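Work through the exercises below with the structure open. Try each task before reading its solution.

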Amino acid sequence: MTRLVGAAAMAAGALTAISPMTAGSATAATHCTQAKWDVHPDKISTGTFSWGDGTAIRTAGYTDCTVVGRGYQGQGIDVHCSRVNDNGLEWVYARNTSTGAAGWARYDAVYTTGSVLPPRCS
């Protein structure tokens, strides 16, 4: 019985500890779910891009948005278009053709031949 009571107390403590984080992630979700991040037409047909080593692929163009996958050197990449976030940082919409993960990656974390900036998404 003591273990069950202890486990229940630990679970309650864990819930209390998680609550403040949940509130913070609700704030982050505001910009991570803006409709503009859903628009990403495939405007590029060249193979001038490659992944960095463990490039985060996110739901939207902010570093606090959910990571849906990663891109690694040697894996295929299909870059669609680019967008600037509210902080002035360039992001590209890309699909990891080796894993199927697709989303937004920071432009400075994706390698290009030359200084190729993909066309704007809209």
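**Exercise 1.** In this predicted model, find how many disulfides the structure holds, and which cysteines pair.

*Solution.* The structure holds two disulfides. Start with Cys32 and Cys65: their sulfur atoms lie 2.0 Å apart. Next take Cys81 and Cys121, whose sulfur atoms are also 2.0 Å apart. Number the bonded cysteines in sequence order; the pairing reads 1-2, 3-4.

**Exercise 2.** Assign the handedness of the Cys32 and Cys65 link, then place its two ends.

*Solution.* The angle about the S-S bond is -95°, and the link is left-handed. Cys32 sits in helix H1 (residues 2-32), while Cys65 sits in the loop between S2 and strand S3 (67-71). They are 33 residues apart. Both Cys32 and Cys65 are buried.

**Exercise 3.** Is Thr55 buried or exposed, and what does Thr55 contact?

*Solution.* Locate Thr55 in strand S2 (residues 55-58). Its relative accessibility is 6%, so Thr55 counts as buried. A polar atom of its side chain lies 3.1 Å from the backbone nitrogen of Gly52. Beyond four places in sequence, its contacts include Gly69, Arg70 and Ala105. Ala105 is in turn one of the 12 residues of the largest nonpolar core.

Definitions and conventions
Residues are numbered from 1 along each chain as its sequence is written. This is a predicted model: local features need pLDDT of at least 70, side-chain atom pairs count only at pLDDT 80 or more; totals for chains, interfaces and linings use all residues. Side-chain values use heavy atoms; hydrogens and water are left out. Helices (H or I, at least four residues) and strands (E, at least two) are DSSP runs, numbered from the N terminus. Buried means under 20% relative accessible area, exposed over 50%, partly exposed in between (1.4 Å probe, protein chains only). A polar contact is a pair of N or O atoms within 3.5 Å; within protein, one must be able to donate a hydrogen and the other to accept it, and residues adjacent in sequence count only if both atoms are side-chain atoms. Contact means heavy atoms within 4.5 Å. A nonpolar core is a set of buried Ala, Val, Leu, Ile, Met, Phe, Trp, Tyr and Cys residues joined through side-chain atoms within 4.5 Å. A disulfide is a pair of cysteine sulfur atoms within 2.5 Å.
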